[in-house]
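This report describes selected features of the structure shown below.

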Amino acid sequence: MKTRAKQATVLGLLAAGLVASALLGTALGTVPIPLGETVRAILSHLPLVGPRLQGSVKETTAMIILVVRLPRVTLAALVGLALGVSGTAFQGLFRNPMADPYLIGVSSGAAAGAALGIALHLETTVATIGAVPLLAFAGATAAVFAVYRLARRGSRVPVTDLLLSGVAVGALLSALVSAVTVFSQRDLRQIVFWLMGGFSGRGWEHVIAAAPYILVGVGILAYHARDLNALLLGEEAAEHLGISVERLKRWLLVATTMATGAAVAASGVIGFVGLVIPHAIRLIVGPDHRLLLPASGLAGAILLILADLVARTLIPPSEIPVGIITALLGGPFFIYLLRRSRRGAGG
């Protein structure tokens, strides 16, 4: 009962923090809008209460809230959710707190696809989604598939081989990105900005395209929370508990690739969220993935909404890539966590 109360308290506080950060992210910007008017603008388009609020919000205010800021905040929350949950799953799979969602080539594959799309000036669109995010998602998926095939030994996929294959494929794809950058000086700025991540110019079409993959991937990972707990005891112990470890690895890889690939395709490469958030939340709630996964997802969503808010309000009208903000916040915080862990271990 005490554990359930703790879970409810932690998740309740994080959910309240998510609502508060989403309201702040929607209300604040180059043109600040009062919180009350922001809430009315959002409610005015809901089925039951909307008709009562029609005409109470200026058209320009509703346009700023509903067309410009709300989709951006929603996408930031989805990307933060994907990175937080995927990072937690990877740290459980590799039994290593230094693992992050980009460990097995997702970011390198997405970067290679996006860089090629930008350099080749492809203008193909599918359901209003441009060639760059489509190629980024395809690159991320292809990179993980290549890593999986390289690491596979018969019917087994040793975690160490998975890690080493990820490093090798990631290095190869990073070299490809560097080559594309060198030979595409005209598009250098656009490629670099995409690699640093951000939500500038994102709209509802990006939310609609990314949400199904992220939500399904996160749902699969949440379903396997108990299996991840067993995996912490080691693969042999998990098999003794009746878990098919190899099948579990495949499901984890599929789910994290769906969630992370869609997130990177929508926002570019945003670092540190999938590394720092699970590490920090684990110190608060412990290693139980039934609580750790949703708590990390909510915390990741809060962090990215606030990071995006800082990115677009710090030096208006210019925007700072969100990846720079998360690195500036995440780097020192991660060093603090490492030093704290070392002191706790008596080092």
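## Aromatic pairs

Phe90 and Phe94 both belong to helix α4, where four residues, about one turn of the helix, separate them. The model discussed here is predicted. Both Phe90 and Phe94 are buried, and their rings form an edge-to-face pair, 5.7 Å centre to centre with 65° between the planes.

Phe137 and Tyr213 form a tilted aromatic pair, with 5.1 Å centre to centre and 50° between the planes. Because Phe137 lies in helix α6 (residues 131–151) and Tyr213 in helix α9 (residues 204–223), this pair ties together parts that are 76 residues apart in sequence. Phe137 has 23% relative accessibility and so counts as partly exposed; Tyr213, at 39%, is also partly exposed. Two aromatic pairs are found in a search of the whole structure.

## Nonpolar cores

The largest nonpolar core contains 90 residues, and those touching the most other members include Phe94, Trp194 and Ile214. Helix α4 (residues 59–94) gives the most to this core, with 14 residues. Another core lies apart from it and has seven residues, among them Ile33, Ala62, Ile65 and Leu70.

Leaving aside residues up to four places away in sequence, Ile214 touches Leu78, Val79, Leu81, Ala82, Ala259, Ala262 and Ala263.

## Helix α13

Helix α13 (residues 273–285) has 13 residues and should span 18 Å at 1.5 Å a residue; its end C-alpha atoms are 18 Å apart, which agrees. The helix is mostly covered, ten of its 13 residues being buried, including Pro278, His279 and Val285. Gly286 follows α13 and has a positive phi, near 90°.

Technical notes: Residues are numbered from 1 along each chain as its sequence is written. This is a predicted model: local features need pLDDT of at least 70, side-chain atom pairs count only at pLDDT 80 or more; totals for chains, interfaces and linings use all residues. Side-chain values use heavy atoms; hydrogens and water are left out. Helices (H or I, at least four residues) and strands (E, at least two) are DSSP runs, numbered from the N terminus. The expected span of a helix is 1.5 Å times one less than its number of residues. Buried means under 20% relative accessible area, exposed over 50%, partly exposed in between (1.4 Å probe, protein chains only). A nonpolar core is a set of buried Ala, Val, Leu, Ile, Met, Phe, Trp, Tyr and Cys residues joined through side-chain atoms within 4.5 Å. Contact means heavy atoms within 4.5 Å. Rings of Phe, Tyr and Trp (its six-membered ring) pair if their centres lie within 6.5 Å; planes under 30 degrees apart count as stacked, over 60 as edge-to-face and the rest as tilted.
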